[in-house]
Amino acid sequence: MMYWNGGWAWVTLMPLLWIALIGLVVWAVLRLTQHSAGRHDATDDPRKAPRETPEEILDRRFASGEIDAEAYTEARKRLADHRPGPR
């Protein structure tokens, strides 16, 4: 029989190294595909944030003081008049 220097250690470690390498590759692929598939919240990306409705914009502007109560009620009335009805 041939006795290699530490041969039994390599016979034991090589399958473990291959399993670890394959596991690392699978983990990396899963991590990259989950990230690119957009599994994050829409709030992470401002471009994907939900759009405000005209009423919400109007409410926000009134609450911040950009417009007064008269302009607010007039704009609310106009929005209600131009809102499409049920089809």
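Me: How many helices and strands make up the secondary structure of the chain?

Reply: In this predicted model, the chain has three helices and zero strands. Along the sequence the pattern reads α-α-α.

Me: Why are α2 and α3 called roughly antiparallel?

Reply: Helix α2 (residues 54-64) and helix α3 (residues 69-82) pack at an angle of about 175 degrees, and their axes lie 10 Å apart. Angles over 145 degrees count as roughly antiparallel, and α2 and α3 are therefore placed in that class.

Me: Which residues of α2 and α3 meet, and what is the contact made of by class?

Reply: From α2 come Pro 54, Glu 55, Leu 58, Asp 59 and Phe 62; from α3 come Ala 69, Tyr 72, Ala 75, Arg 76 and Leu 79. By class, the contact has seven nonpolar residues, three charged and no polar ones.

Me: What makes the pair of Phe 62 and Tyr 72 stacked?

Reply: The count is one aromatic pair. Its ring centres, those of Phe 62 and Tyr 72, are 4.4 Å apart and the planes are at 20 degrees. Centres within 6.5 Å make a pair, and planes under 30 degrees apart count as stacked, so this pair is stacked. Phe 62 in helix α2 and Tyr 72 in helix α3 are 10 residues apart, and the pair links distant parts of the chain.

Me: How do you know whether Tyr 72 is buried or exposed?

Reply: The relative accessibility of Tyr 72 is 18%. Buried means under 20%, so Tyr 72 counts as buried.

Me: Why is Phe 62 called partly exposed?

Reply: Phe 62 has a relative accessible area of 34%.

Terms used: Residues numbered from 1 in each chain as written. Predicted model: local features only at pLDDT ≥ 70, side-chain atom pairs only at ≥ 80, totals over all residues. Heavy atoms only, no water. Axes fitted to C-alpha atoms, helices over the stretch in contact; angles between N-to-C directions. Helix = DSSP H or I, 4+ residues; strand = E, 2+ residues; numbered from the N terminus. Parallel < 35°, antiparallel > 145°, perpendicular 65-115°, else oblique. Contact = heavy atoms within 4.5 Å. Nonpolar A, V, L, I, M, F, W, Y, C, P; charged D, E, K, R; others polar. Phe/Tyr/Trp six-rings, centres within 6.5 Å; stacked < 30°, edge-to-face > 60°. Buried < 20%, exposed > 50% of the residue type's maximum accessible area, 1.4 Å probe, protein only.
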